[in-house]
Amino acid sequence: MQQLHPTDEEPITNKRKYLADDRSDSGKDLKKAKLETKALKAKRPGFTDERYNETSYYIENGLRKVYPYYFTFTTFTKGRWVNQNILDVFAREFRAHPAEEYERCIKSGSLTVNYQKVDTQYKLKHNDLLANVVHRHEVPVTNDPITIVHMDDDIVVVNKPASIPVHPCGRYRHNTVVFVLAKEHNLRNLRTIHRLDRLTSGLLMFGRTPRYARIMEAQIRNRQVNKQYVCRVEGRFPEQTIECNHPIEVVSYKIGVCKVSNKGKNCSTTFQLVGYNEKTNISVVLCFPHSGRMHQIRVHLQYLGFPVKNDPLYNHVVFGPEKGRGGVIGKSDEQLIHDLINIHNAENWLGMDGDSELMPILKDVDVVDEGKKSPPGFKKNESVVEQHQHQLQIKGRHTNQLQLQYDSAMNVSTQTGQDVPDMDFDAEKLTHDPHCYECRVKFRDPKPKDLIMYLHAWKYSGPGWSYETDLPVWANVEWKEPE
């Protein structure tokens with residue numbers, strides 16, 4: 001039997017564009033905002049101290065949690081939104097809350113256009129800057145430590161626990177690898193070289209200098225990096241080495257779902273059986289991805305008919321009675337996306353890194369007393385914007401508004417010292433917003449099985465270097481799943 005050695009990763013080469021061309025005179029404030037944004041992007045790749053200090057962690061029930069905090073989401077009007085009603089756009093494009101909540105935000109002035117209050121019938125224009133002040137509640141993640149595998153002047157290599165996203169996305173910000181490394185390990189100016197899915201655990205590399213990050217990105221892009229993953233799959237995997245060369249197409253970037261398709265991009269994964277447990281009908285398999293397509297290992301395993309045992313996305317009958325085996329789904333892409341979102345709302349399993357465009361999962365929340373007291377210093381009649389500003393003053397964080405809003409569009413680096421999470425919940429640190437939708441519901445804690453997927457990045461090697469992590473307990477074919 002072969003000894004174990006393990007990607008659903010992709011090099012970060014295409015940076016998101018945050019600025020639109022200034023083709024029209026949209027006012028001095030908007031022009032100034034764009035200039036500020038460009039200046040901030042040129043200055044450094046990360047956040048300021050205020051961003052890291054806006055909240056803190058606490059540990060509860062084995063989970064890392066974040067005290068709610070105020071945050072400003074910003075975006076420029078997308079082309080498809082132009083000349084459309086602002087309320088219709090938010091109700092359709094952003095599903096974090098009901099349409100009624102966005103209507104309240106517009107009327108209260110917490111959701112603005114070019115920093116100005118508008119009515120719900122406002123028609124969006126090119127280059128309009130939308131800003132929405134929210135009382136942000138993050139999703140809990142595991143409290144398993146992020147361990148340092150290797151660190152020198154050029155690179156930081158860590159073993160990422162499952163359930164923690166690599167960088168801010170969707171409903172995750174402080175509960176991300178880059179923020180935890182920033183706040184608790186005092187690592188500075190980290191550059192993301194590659195990424196892992198939120199539920200995937202294992203080896204993750206960060207560059208400590210722009211030059212070294214570019215070198216490593218180029219090695220991954222040019223396929224000079226050998227990657228080895230280990231996974232636990234359903235069924236008896238063949239004993240011979242399997243090569244899967246089927247192209248993969250992204251069905252929807254919006255919800256992060258792929259499939260094998262002749263329209264997709266070429267990719268290749270080699271699979272080798274490590275061991276099979278006849279009692280449980282489970283195989284442990286080594287995976288050697290020779291490219292870095294989105295969800296590559298998971299999609300190829302689904303196609304072969306041996307999905308990752310607890311893959312919440314690709315091991316599901318939403319892909320058809322055979323769960324997508326052989327590429328047979330039996331429905332259009334539009335119907336698949338529709339069904340995925342509907343089932344996610346019912347089962348809370350859609351495995352993308354961010355859930356910002358999906359409704360809160362009602363089966364995982366309980367309505368609680370709306371009459372909670374506001375935190376000290378808050379006035380009942382204060383608007384959300386006023387409460388946000390007041391909160392900053394209470395904590396002594398006087399922050400330039402443009403800096404506050406635009407730091408959120410930057411890549412992450414560390415500008416802070418070490419911080420330690422509270423080992424117990426501290427009620428004094430809890431803020432409550434009477435207008436906040438999520439303050440009125442109580443989210444149930446995820447169960448341990450919801451925080452892990454049996455896919456682990458085990459070993460990466462390249463020209464003159466090699467790193468590997470410890471193997472997870474489930475990589476032993478005789479391991480028994482907890483009840």
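In α3, residues I86, L87, F90 and A91 meet A99, Y102, E103 and I106 of α4. By class, this contact of α3 with α4 has seven nonpolar, no polar and one charged residues. The model is predicted.

**Helices α3 and α4**
- Helix α3 spans residues 86-93 and helix α4 spans residues 99-108; their axes come within 9 Å and cross at roughly 140 degrees.
- The angle makes α3 oblique to α4, because only angles over 145 degrees count as roughly antiparallel.
- The crossing of α3 and α4 is right-handed.

**D197**
- An unreviewed UniProt entry places the feature "active site" at D197.
- D197 is found in the loop between β9 (191-192) and β10 (201-207).
- D197 has a relative accessible area of 2%, so D197 is buried, the cut-off being under 20%.

**P421**
- The loop between α10 (401-406) and β18 (441-443) holds P421.
- P421 has a relative accessibility of 14% and therefore also counts as buried.
- Neighbours within four places in sequence set aside, P421 is in contact with Y57, Y58, I59, R64 and E184.
- One of these partners, Y58, is 363 residues from P421 in sequence, while the C-alpha to C-alpha distance between Y58 and P421 is 5.0 Å.

Technical notes:
Residues are numbered from 1 along each chain as its sequence is written. This is a predicted model: local features need pLDDT of at least 70, side-chain atom pairs count only at pLDDT 80 or more; totals for chains, interfaces and linings use all residues. Side-chain values use heavy atoms; hydrogens and water are left out. UniProt positions are given in the numbering used here, feature names are shortened, and annotations may be inferred rather than shown by experiment. Helices (H or I, at least four residues) and strands (E, at least two) are DSSP runs, numbered from the N terminus. Buried means under 20% relative accessible area, exposed over 50%, partly exposed in between (1.4 Å probe, protein chains only). Contact means heavy atoms within 4.5 Å. Axes are lines fitted to C-alpha atoms, for helices over the stretch in contact, and angles run from 0 to 180 degrees between N-to-C directions. Angles under 35 degrees count as roughly parallel, over 145 as roughly antiparallel, 65 to 115 as roughly perpendicular and the rest as oblique. A crossing is left-handed if the near helix is turned anticlockwise from the far one by less than a right angle, and right-handed if clockwise. Ala, Val, Leu, Ile, Met, Phe, Trp, Tyr, Cys and Pro count as nonpolar, Asp, Glu, Lys and Arg as charged, and the others, Gly among them, as polar.
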